[in-house]
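Me: I would like to go through a structure with you. Please keep the answers plain.

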Amino acid sequence: MAVQRITTRNARFQQLQTLLNNRTKRGRAKEFLVQGVRPITMAVEHGWTVRSLLYDASRPLSRWAEDLLRGVGAERVAMAPQLLAELSEKADGAAEVLAVVEMAPDSLSRIKVRDDFLGLVFDRPTQPGNIGSIVRSADAFGASGLIVTGHAADPYDPKSVRASTGSFFAVPVVRSQSHHEVMEWLEKERAQGRPVAVVGTDEDGDAEVSEFDLTQPVLLLIGNETAGLSSAWRELCDHVISIPMTGSASSLNASNAASVVLYEARRQRLAKQRKA
């Protein structure tokens, strides 16, 4: 396969740069930049389409990088080290390899609803890093997928992808414009005999998380970092649960709160399996 070379800030470099900091152009191109050995490896292992591999041709490559360039049928782009360093966003120089990966479709059908369903909705998040952190926890505790709703930070932002440490490619993450689309999808699943409970999280919940049955199929709602759940989502909740806390803190960071509830769901489900 022919190798393209980028040694100046030409049009192609500028296009790659927009994948870092221009959400609109990233969305139009339907591709995003992936940094790091584990995230790139996970993207390949989980069958994501890698469009381009960017690397520094002026230095010897590791076995991992050589195998990647040999094994993935993607465009190869050899870059000047200072340009690759800019795209790497690292304080200590350039990454060995960067990948340009095709976005997945924003289809709720990517999230499979089964008897053990545990899905998440993140309502209007403002921080892409929080999205990635929740994806990481979702992967660790066996969740089925994450839906990001409303006017929200971009899950494909490099901060989100980095924060997920590769889990972004293992757990379906779907963007949805509003609660209407999500509930329409959920009602279709319920009509097929899958009784999914919509469970919100709030400091004034009806029950503490440890007292609520999280072994049933659940769609867990996490609110905006500042305002919490929207009034529309609150009205759609079948139940609202809270995390008991002591000290002066009145609430947890959104990603921390999600991790606590996901852990409790996993704990309950493992306990139920042991009793069966």
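Me: How many bridges join E10 to strand E12, and which way do the two run?
Reply: E10 and strand E12 (residues 239-242) are joined by 2 bridges and run parallel. Strands pair here if DSSP finds at least two bridges between them. Helices (H or I, at least four residues) and strands (E, at least two) are DSSP runs, numbered from the N terminus.

Me: What is the bridge partner of Glu208 in E12?
Reply: Glu208 has Ser242 as its bridge partner in E12.

Me: Before we continue, what kind of model is this?
Reply: This is a predicted model, in which local features need pLDDT of at least 70, side-chain atom pairs count only at pLDDT 80 or more, and totals for chains, interfaces and linings use all residues. Residues are numbered from 1 along each chain as its sequence is written, and side-chain values use heavy atoms, with hydrogens and water left out.

Me: Which strands does E12 belong with in the sheet, and in what order?
Reply: The open sheet has 7 strands in the order E8-E7-E6-E11-E9-E12-E10, with parallel pairing. Strand E8 (173-176) and strand E10 (207-208) are at the edges with a single partner strand each, so one side of each has no neighbour in the sheet.

Me: Which helix packs on the sheet and touches E8?
Reply: Helix H8 (residues 179-191) does; besides E8, helix H8 touches strand E6 (118-123), strand E7 (145-149), strand E9 (197-201) and strand E11 (218-222). Contact means heavy atoms within 4.5 Å. The direction of H8 makes about 140° with that of E9. Axes are lines fitted to C-alpha atoms, for helices over the stretch in contact, and angles run from 0 to 180 degrees between N-to-C directions.

Me: And where does helix H10 lie?
Reply: Helix H10 (residues 254-275) lies across E6, E9, E11 and E12, at about 170° to E6.

Me: How many bridges join E9 to E12?
Reply: There are 3 bridges between E9 and E12, which run parallel.

Me: Changing topic: which residues other than glycine have a positive phi?
Reply: Arg124 is one of them, with a positive phi of about 50°, and Thr165 also has a positive phi of about 50°. Most residues other than glycine have a negative phi.

Me: Where are Arg124 and Thr165 found?
Reply: Arg124 is in the loop between E6 and helix H6 (128-140). Thr165 is in the loop between helix H7 (158-163) and E8.
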